Amino acid sequence: MKKNFLLSVLIPVYNERASLEALLCRVEAVPVRKEILLVDDGSTDGTREWIRANVEGQSADIRVFTHPTNQGKGAAIRTALAQATGDILLIQDADLEYDPADYPALLQPILDGVADVVYGNRFAGTANAPSPLPGHRLGNAVLTWLSNRLTGLHLTDMEVCYKVFTAEAIQGMILQSSRFEFEAEITARLAKRRCRFAEVPITYHPRSYAEGKKIGWRDGLQTLRAILKYRFLD
């Protein structure tokens with residue numbers, strides 16, 4: 001990978017007015033050359049209005065896209081992927097559960113030429129980081145285990161937000177998922193392409209449903225179906 005690479009940061013946003021400003025400040029502070037692709041996915045809490053007033057057209061490094069109605073995280077990421085021009089692409093949630101200070105560690109295996117894809121690992125982060133919610137951790141463990149069984153991978157945290165990959169790894173890839181099952185689909189498709197995977201420990205600060213967490217048990221069922229679909233039917 002060339003030293004002067006461009007990083008595309010893909011940020012799906014849905015009702016994250018409380019955290020988006022701080023998150024963007026943290027992303028912009030990471031000392032790498034980057035473009036930020038912000039996709040507002042039909043927010044109704046003032047997020048869209050704040051983006052229009054404070055972000056849109058303010059910086060050549062940030063491009064804003066909008067969905068008229070909420071379509072889901074996967075749909076927002078697909079919109080961003082279609083517009084990305086970077087050599088490396090990174091998915092970033094718009095809340096503060098994940099810390100952009102981890103970008104250098106996530107990028108290093110790709111820059112060293114030993115991986116095409118890097119996933120964060122929330123379960124091997126700093127010792128003082130809060131543990132993910134127990135129910136979510138159990139669900140993630142089951143889904144990750146099944147995904148590994150069907151893809152031949154050895155991931156610890158398939159459902160993690162932080163997924164980083166080279167532009168070549170997804171070139172020409174046609175993604176279909178619109179909601180959280182996107183995680184399973186892109187994992188399966190990257191595995192089918194025999195991409196080289198690496199995992200990197202990251203910090204993680206889980207939030208509660210009262211604080212805006214959105215993923216639920218129905219999304220787990222959709223992800224289960226996606227794991228089976230993209231292994232056997234697609």
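Two strands count as paired if DSSP finds at least two bridges between them. The model shown in these views is predicted.

**View 1. Strands S1 and S4 lie side by side in the parallel sense.** Strand S1 covers residues 7–13, and its pairing with S4 runs over 4 bridges. Within this pair, Val9 is the residue opposite Leu90 of S4.

**View 2. Strands S4 and S6 pair in the antiparallel sense.** S4 spans residues 88–91 and S6 spans residues 163–166, with 3 bridges between them. Ile88 has Thr166 of S6 as its bridge partner. For Leu89, the bridge partner in S6 is Phe165.

**View 3. Strand S4 is covered on both faces.** In a regular strand, side chains alternate between the two faces of the sheet. On one side of S4 are Ile88 and Leu90, and on the other are Leu89 and Ile91; all are buried, that is, under 20% relative accessible area.

**View 4. The strands belong to an open sheet of 7 strands with mixed pairing.** The order across the sheet is S3-S2-S1-S4-S6-S5-S7, which places S4 between S1 and S6. Strand S3 (62–67) and strand S7 (197–201) form the edges, each pairing on one side only. From one strand to the next, the twist averages 20°.

Methods
Residues numbered from 1 in each chain as written. Predicted model: local features only at pLDDT ≥ 70, side-chain atom pairs only at ≥ 80, totals over all residues. Heavy atoms only, no water. Helix = DSSP H or I, 4+ residues; strand = E, 2+ residues; numbered from the N terminus. Axes fitted to C-alpha atoms, helices over the stretch in contact; angles between N-to-C directions. Buried < 20%, exposed > 50% of the residue type's maximum accessible area, 1.4 Å probe, protein only.
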